[in-house]
Each structure stands twice: as structure tokens, then as C-alpha cells.
Amino acid sequence: WTQFESWLAMQFATPDGLKPAKATENQRHHIVCIQNAASQAELYTKALVDNWADKTPDQAHAFLSKPDVTVTNKSDKDGQLPKIKALDATVKGAFGEIARQQQDELTASEAAAARAEAELTACQATVQQAEAAVLAAREAREATRGALPKIKALGVREVQAAFSDIMRLLEDEVARAEEAAACAEAEHAQATAEHAQAVDAVAAARAAIEKHAQAISSGVIPAIMQWEERPPLAPPPLGPPAQAARSRPSEEHTSPTPPPPRSSASFALRRAREGKVHPRAMVTQGEALEGDCSPPDVSTLVEQLRVGTAGQKENAAAALASAADQAAIAKAGG
């Protein structure tokens, strides 16, 4: 199964199925020869790449099906090998599902925007009607108020009292019209904001479709393209050992000293922190680090690499890299 994993590491997903990632922007495999293979690292590395990089799913299935490829449980071949042939269909289906979801999102966003626009238009009409009602009520009030001198000149109390009642009714009508206009204005403001949000949602849905298509046309996995577009991460703050080393007098460094040993997990984690390795690799290297050193918080840091926010992943990668350096120094004898 390690050969199967090597093949997977040398492929990338496209709408047409799995394609070789070798010599493309999607290449992400890193081979480190250890133990006896380290003495002929170039030979073994080339053999592994030549053997697996360009194989199709059918070719990988045929190779792994041969009797000289052994596994711990022979029944695994019967249960697992058929899945290799299904990978192409699975990948194509995944891309098709992404396209369908994006189109559904765009359709729903456009429908919501249309409803918001209709609501906004209705609110605009309501505002105009409310403003017209306020204007009419005010004109009626002022016209009636203009007759007040003539009513007073009559000197008839009953007439004056009736006129006062009419003025109160007109004032109430103006107040109600103004209140209705204020409510209409508030509803119009809310409808305007909702319409703007709906328009933004449509723009975002269209941008997502365009970005996905751009990534595919460029031969880049969309997730990797998004990772590469992130701004570069700032270097982590100096830890106590580095600060102590920097504070020593310069005469202590007159003779060159070799850098402290650094574990492979530390190197990979630092590359991940610098944006040179896809974040999925960070979890794998973090899990490998648990065998190099065992500070009490390694499991927590690995969990942050899995499900944490971007900032948590960055901090966890820096902490794990520092821990790996210290473990390497300890193994080298301090």
C-alpha cells in the first residue's frame, strides 16, 4: 500500500480524472531515502518516480494486482484494489458535484436578488405614496388654517369649536401620514440593504465559478491555487534558545560552528509555514513529529493543524518546527 500511496502523491485531480502531477504546478511529492537506501538516494528516488508518476488508474491497478506485490492481509487486495479503478469516476463525480453546487448557488442567489429587487421596487412605490399622503394632509391643514381669521370674525362659539375640532383632526391626519412615511422610509432602507447583499451574493457566486474554471484551465487544483494566493506568513518570534544565542558576545562566534541538526519533520513544517507546502502535508508531518519528541502539547498542536483556523495552523506549525529542532538537538547529544 505504500506504493499505492506513492502513486496517489504523484497525481492530481481534474474534471477528467486523475492526471500526473510530475513537472506541473501541482507536483507535491517529496521523497526522502532512509537507512540503507540513503546511500543510493538518487537511484531509488528516480526508480520510484519513473515507476509511478505517469501510471493511469488502470495501470496502477494492474501493477498492484500482480502476485509479487504483497500485503499483510491478502484479502485486502480483493476489497481495496477495485477502488483504484473507481478513483477516476469518483474524481470526475466530485468535480461535477462542485460545478452543480456552484451553479445551484448562483441560481439561488440570482432568484434571491430578483426577489430583493422586486421588494425594493415595491418599497419605493410605498414611499412615494406615503410622501404624497403627507403632502396632501399638510395642504389640507394649511388651507383650513387659512380660514381661521374668517371663522374668528364671525364670533360664533359653536362654529369656532367645530373649526377647532376639524383642525385637531387634520393635525392627527398629518401626524399619521408622517409616521407612515417614516415607516416606509425604514422599510425602504432595509430593502435597499437586502438588495445590496443579494447583489453581492450573486457576484460572489459568479466569481467562485470563474475562479474554479480559471484554476482548472490553468491545470491547477483550485484548493492549491487558493493556498498560493494567501499572503506570505510572517516568521515566528525567536524562542528562548535563539534569543540567548543572539545575546551572546560576538567574540564567542569567531570560529564557524555547524548549525544544529534539524529533523525532516521540522524542515517540512517550516516549508509549510512559509507557504511552500500544501497544508495537508502539515498534518502528516505533525503526526510524524510525535515520534521524534513528546512534549505534552504535541497532540493538541497536531489537532490544530487538522481543524484549526489559519492563524492556529500557522502557530501550530511554528511550534512543532521548534519542538522538532529541539528533539534533533537532544538526539545529537545536546
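**From a loop residue to the whole fold**

Author: Ala23 lies in the loop between strand S2 and helix H2 (41-52). Helices (H or I, at least four residues) and strands (E, at least two) are DSSP runs, numbered from the N terminus. This is a predicted model, in which local features need pLDDT of at least 70 and side-chain atom pairs count only at pLDDT 80 or more, while totals for chains, interfaces and linings use all residues. Residues are numbered from 1 along each chain as its sequence is written, and side-chain values use heavy atoms, with hydrogens and water left out.

Reader: What is the phi of Ala23?

Author: Phi of Ala23 is near 65°, which is a positive value in a residue other than glycine.

Reader: And is Ala23 buried or exposed?

Author: Ala23 is exposed, with a relative accessible area of 74%. Buried means under 20% relative accessible area, exposed over 50%, and partly exposed in between (1.4 Å probe, protein chains only).

Reader: Which loop holds Gln35, and what is its phi?

Author: Gln35 is in the loop between S2 and H2. Its phi is near 50°, again a positive value in a residue other than glycine. Gln35 is exposed, at a relative accessible area of 72%.

Reader: Now the strands, please. How do S1 and S2 pair?

Author: Strand S1 (residues 11-14) and strand S2 (residues 17-20) pair in the antiparallel sense, over four bridges. Two strands count as paired if DSSP finds at least two bridges between them. S1 and S2 form a hairpin with two residues between them, and Ala13 stands opposite Leu18 in S2.

Reader: How many helices and strands are there in the protein?

Author: The protein has twelve helices and two strands. Along the sequence, the pattern is α-β-β-α-α-α-α-α-α-α-α-α-α-α.

Reader: Which residues of H1 are buried?

Author: In helix H1 (residues 2-9), the buried residues are Phe4, Ser6 and Trp7. Seen down the axis of H1, they fall within an arc of 160°, so they line one face of the helix. The arc is that of the directions from the helix axis to the C-beta atoms.

Reader: What covers them?

Author: The cover of the buried residues of H1 includes S1, S2, H2, helix H3 (57-65) and H4.

Reader: Changing topic: how many aromatic pairs are found in the whole structure?

Author: A search of the whole structure finds two aromatic pairs. One of them is formed by Trp52 and Phe63, which are edge-to-face, with 4.8 Å centre to centre and 70° between the planes. This pair links distant parts of the chain, as Trp52 is in helix H2 and Phe63 in helix H3, eleven residues apart. Rings of Phe, Tyr and Trp (its six-membered ring) pair if their centres lie within 6.5 Å; planes under 30 degrees apart count as stacked, over 60 as edge-to-face and the rest as tilted.

Reader: How accessible are Trp52 and Phe63?

Author: Trp52 is buried, with a relative accessible area of 0%, whereas Phe63 counts as partly exposed at 23%.

Terms used
Contact means heavy atoms within 4.5 Å.
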